[in-house]
Amino acid sequence: QVQLVESGGGLVQAGGSLRLSCVASGRTFSIYRIGWYRQAPGKEREFVAGINWSGGSTKYADSAKGRFTISKDNNKNTVYLEMNSLKPEDTAIYYCTLQGISWTVSGSWGQGTQVTVSS
């Protein structure tokens, strides 16, 4: 099995930046893709960005394009989400999870990391 742990959230003013980390452990050789999702209060959880564990192909939600960058460091078994030009509507709990070939969730959900953007 693969375990994923998110970190890096916090409180930031609008226009600011944060970098989230997702550290993988366990059977990391079995990872196909890792995605970042977020859930704002009262809303459904939504896809933000994903990256192939090998090769590095990426995909972004429209809300993330141009502001967020997903990257990885296989030596550290870590996927990052660099978030710039943050807006109050980016406030949410951010989660990372495994994704399959069709960019759908194939893993479980962890605790997530809270991101709060003040106006």
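Predicted model: local features only at pLDDT ≥ 70, side-chain atom pairs only at ≥ 80, totals over all residues.
**Notebook: salt bridges**

I then looked at how R67 and D90 relate. Their side chains meet in a salt bridge, with 2.7 Å from N to O. This pair links distant parts of the chain: R67 lies in the loop between β6 (58–60) and β7 (68–73), while D90 lies in the loop between β8 and β9, 23 residues apart.

Next I followed D90 to another partner. D90 forms a salt bridge with R38, and the closest N and O atoms are 2.9 Å apart. Here, too, distant parts of the chain are linked: D90 sits in the loop between β8 (78–83) and β9 (92–99), and R38 in strand β4 (residues 33–39), 52 residues apart.

Why does D90 count as buried? I found 0% relative accessibility for D90, so it falls in the buried class, which takes residues under 20%. I checked R38 as well: R38 counts as buried because its relative accessibility is 7%.

My friendly reminder to myself was that side chains of opposite charge can pair when their charged atoms come close.

Then I turned to D62. It forms a salt bridge with K65, where the closest N and O atoms are 3.2 Å apart. Is D62 buried or exposed? D62 has 64% relative accessibility, so I wrote it down as exposed.

To finish, I looked up the total: the structure holds four salt bridges.

Technical notes. Residues numbered from 1 in each chain as written. Heavy atoms only, no water. Helix = DSSP H or I, 4+ residues; strand = E, 2+ residues; numbered from the N terminus. Buried < 20%, exposed > 50% of the residue type's maximum accessible area, 1.4 Å probe, protein only.
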